[in-house]
Amino acid sequence: MQDEKQFIAELLNPKTQNEAFRKLVRDYQRPLYNHVRTIVLNHDDTDDVLQNTFVKIFQNLKNFKGDSKLFSWMYRIATNEAITFINQRARKAGISSEEVQEKALNSLQADVDYDGDEIQLKLQKAVAILPEKQQLVFKMKYFEEMKYEDMSEVLGTSVGALKASYFHAVKKIEEFLNTN
Amino acid sequence: MKKFDLHNDPKIETGFKIPENYFENLEDRIMNQLPEQEARVVPLWQRKTVWYSGVAAIFMLSIGTWMYFNQQSNEIMATSQEYLAYSNDITTEEIAYHLTDEDITTIEKELGLYDTESETYVNEYLN
């Protein structure tokens with residue numbers, strides 16, 4: 001905690017800010033990339049969202065109150081940016097967010113930045129049938145292997161509710177995989 | 001066919017690929033997108049240049065005002081002089097043309113033309 005307080009101070013100090021922020025990018029680019037990509041699926045879109053995320057993090061550092069961990073605050077920003085991205089695309093195309101996701105899934109196989117096999121693709125399709133929040137819970141637990149306590153901070157949901165949500169998500173996915 | 005058991009089966013990966021050197025380049029790309037550091041916001045009244053500009057403005061205004069009023073009195077004089085110069089070219093006929101009956105009566109009264117004593121004297125003189 002003390003280390004984090006020190007780091008935050010460096011991030012807020014104009015003299016040390018740039019160097020500190022570069023370290024922040026280096027430390028979190030991979031986990032945040034993976035998090036965003038599980039939501040938007042496509043690499044190029046992930047790249048856009050991730051850059052926006054880091055810029056937003058930089059701009060809002062002065063508003064970070066320290067009542068949550070830095071990483072969960074950043075993950076929240078990343079999640080919001082990814083969802084906003086999908087919603088904006090849906091609005092522009094005059095379709096629903098679910099349809100945007102469906103299109104992204106259908107393009108996945110032909111995507112140069114995807115080499116998943118049949119089962120991996122089937123799993124992505126299975127996850128897509130879940131409600132938005134439950135999708136997030138499943139992806140963060142299964143793909144990102146996040147601890148429930150950390151997930152709770154990011155999503156603002158109790159650990160118990162998250163465990164229940166994940167349990168039900170797995171059931172639905174297994175049913176889809178076993179019948180398709 | 002074996003049923004899927006996500007809890008116990010080996011993890012099924014996403015299948016996502018990341019372009020080579022993506023993360024090596026990302027840091028610089030992000031840093032290049034960051035906004036310029038915000039200038040420290042200083043209240044207007046604390047800025048020296050604002051004070052200097054204010055004093056200069058007051059100074060210029062004062063000079064300007066003085067010059068304006070100076071110019072006005074000069075103008076009035078000039079106008080008056082022009083008027084007098086102009087009026088020298090006016091003939092008595094023109095003056096008479098522009099006078100109203102009321103004006104004439106007033107002038108005659110002032111000159112005492114209806115003074116009965118004078119009228120008597122003139123009549124006596126003429127007769």
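Colleague: Which residues of helix 8 of chain A are buried?

Modeller: This is a predicted model. In helix 8 of chain A, which spans residues 148–155, the buried residues are A:M151, A:V154 and A:L155.

Colleague: Where do the buried residues fall when seen down the axis of helix 8 of chain A?

Modeller: They fall within an arc of 80 degrees, so they line one face of helix 8 of chain A. In general, an α-helix has 3.6 residues a turn, so residues three or four places apart point the same way.

Colleague: And what covers the buried residues of helix 8 of chain A?

Modeller: The cover includes helix 4 (70–93), helix 7 (132–143) and helix 9 (159–179) of chain A.

Colleague: Which residue follows helix 8 of chain A?

Modeller: That is A:G156, with a positive phi near 70 degrees.

Colleague: Let us turn to A:L41. What is its phi?

Modeller: A:L41 has a phi of about 75 degrees, which is positive although the residue is not a glycine. Its place is the loop between helix 2 (17–40) and helix 3 (43–60) of chain A.

Colleague: Is A:L41 buried or exposed?

Modeller: A:L41 is buried, because 24 other C-beta atoms lie within 10 Å, and the cut-off for buried is 20 or more.

Colleague: What about B:N21, buried or exposed?

Modeller: B:N21 is exposed, with 8 other C-beta atoms within 10 Å. B:N21 also has a positive phi, near 65 degrees, and is not a glycine. It sits in the segment before helix 1 (22–33) of chain B.

Colleague: Staying with chain B, where is B:F69?

Modeller: B:F69 lies in helix 2 of chain B, residues 48–87. B:F69 counts as exposed because it has 10 C-beta neighbours inside 10 Å.

Colleague: How far apart are the C-alpha atoms of B:F69 and B:M31?

Modeller: They are separated by 61 Å, and the two residues are 38 apart along the chain.

Colleague: Back to chain A: what domains does the assignment give?

Modeller: The domain assignment gives domain 1 (1–99) and domain 2 (116–180) of chain A. Their centres, taken over C-alpha atoms, are 21 Å apart. The contact takes 9 residues from domain 1 and 6 residues from domain 2 of chain A.

Colleague: Which elements give two or more residues to the side of domain 1 that touches domain 2 of chain A?

Modeller: Those are helix 2 and helix 4 of chain A. The largest share, 4 residues, comes from helix 4 of chain A. By class, that side of domain 1 has 1 nonpolar, 6 polar and 2 charged residues.

Technical notes
Residues numbered from 1 in each chain as written. Chains lettered and ligands numbered in written order. Predicted model: local features only at pLDDT ≥ 70, side-chain atom pairs only at ≥ 80, totals over all residues. Buried ≥ 20, exposed ≤ 12 C-beta atoms within 10 Å, placed from the backbone. Arc of directions from axis to C-beta. Contact = placed C-beta atoms within 7 Å. Domains from an automatic or database assignment. Nonpolar A, V, L, I, M, F, W, Y, C, P; charged D, E, K, R; others polar.
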